[in-house]
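Try each task before reading its solution.

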Amino acid sequence: MKIRVLGAFGAEGLAQRPAAFLVNDRLLLDAGTVGGALSVPEQVNIEHALLSHAHLDHVVGLAFLTETLALTEVRRPLTVASLEPVIHALRTSVFNDVAWPDFSQLPTPDNPVLQFRSLAGESEQRVGDLWVTPVPVSHTVPTSGFILHDGTTGVVFSGDTGPTDALWALAREQRLIRTVILECAFPNRLAALADVARHLTPRLIEREIDKLPPDVPIWIYHVKPQFTDEIGEELSRIGGGRVMLVEQDKTYSV
Ligand SMILES: [Zn+2]
Ligand SMILES: [Zn+2]
């Protein structure tokens, strides 16, 4: 499985893009940025977008991607997949003809840019060439983590979450997992904010770590840009070498 990091951060900074990963060139895993990291032909290649939740730092790239697709003559429909409450939020709060045009009806209802697909929670289903299990996690709005695999190797993606259990319990049963992509938003001194915003700090990750699939690397994404150095320093003291900050624009093979 090939994973290209389009955006590694939990917000936008100078050359720091919000969360998005491109899996095997065809599937977006969150969409905090798309056009800022990919050429137009690369964007047109995308067939599926798997979204953890509807917060803007995970979906705003879809706005400009759908517009790019609408202006492209030869294209496939883009399927946006997530749990039903996330799809509902996208329909009513983003692609609602107020914040952005409803590209599930454009350019024509018969040949739209976008189609929505609701996924069943905690069961494995096919999305593109991958097997996907969405699992609700603990954030301020309905949010799903995902267990993904291609039959040979797999990864777990946390989405945005505070301490959580069901995702890790299911992930530990999946023998193909080679990597955990885990969020961390704030440094330890902002633990109170992490608690109300339902995010992780390095200290919370240290407590969470025994619940994760054992012995696999933990890639940290979603650091708020202004805290990158501070969080990096705090993470370097936990996990015995397993924990690393994911590198934006790098393509990983797992
Ligand atoms: Zn976020
Ligand atoms: Zn969020």
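**Exercise 1. Describe the open sheet: its strand order and its edges.**

Solution. In this predicted model, start with the order: 7 strands make up an open sheet, arranged 7-8-9-10-11-12-13, and their pairing is mixed. Next, look for strands that pair on one side only: these edge strands are strand 7 (125-127) and strand 13 (243-245).

**Exercise 2. Find how strand 10 is joined to strand 11, and which helix lies across them.**

Solution. Begin with the pairing: strand 10 (residues 154-157) and strand 11 (residues 177-183) run parallel and are joined by 4 bridges. For a residue-level landmark, take Gly 154, which stands opposite Ile 177 in strand 11. Then turn to helix 4 (residues 166-173), which lies across strand 10 and strand 11 as well as strand 8 (130-136) and strand 9 (144-149). Helix 4 runs at about 150° to strand 8.

**Exercise 3. Compare the span of helix 2 with the expected one, then list buried residues.**

Solution. Helix 2 (residues 56-70) has 15 residues. From first C-alpha to last it reaches 21 Å, close to the 21 Å expected at 1.5 Å a residue.

**Exercise 4. Classify Thr 228: buried, partly exposed or exposed?**

Solution. First locate Thr 228 in helix 7 (residues 228-235). Thr 228 has 16 other C-beta atoms within 10 Å, so it is partly exposed. Buried would take 20 or more, and exposed 12 or fewer. Lastly, Thr 228 and Phe 9 are 219 residues apart in sequence, yet 9.0 Å apart in space, C-alpha to C-alpha.

Conventions. Residues are numbered from 1 along each chain as its sequence is written. Chains are lettered from A and ligands numbered from 1 in the order in which they are written. This is a predicted model: local features need pLDDT of at least 70, side-chain atom pairs count only at pLDDT 80 or more; totals for chains, interfaces and linings use all residues. Helices (H or I, at least four residues) and strands (E, at least two) are DSSP runs, numbered from the N terminus. The expected span of a helix is 1.5 Å times one less than its number of residues. Two strands pair if DSSP finds at least two bridges between them. Two residues are in contact if their C-beta atoms, placed from the backbone, lie within 7 Å. Axes are lines fitted to C-alpha atoms, for helices over the stretch in contact, and angles run from 0 to 180 degrees between N-to-C directions.
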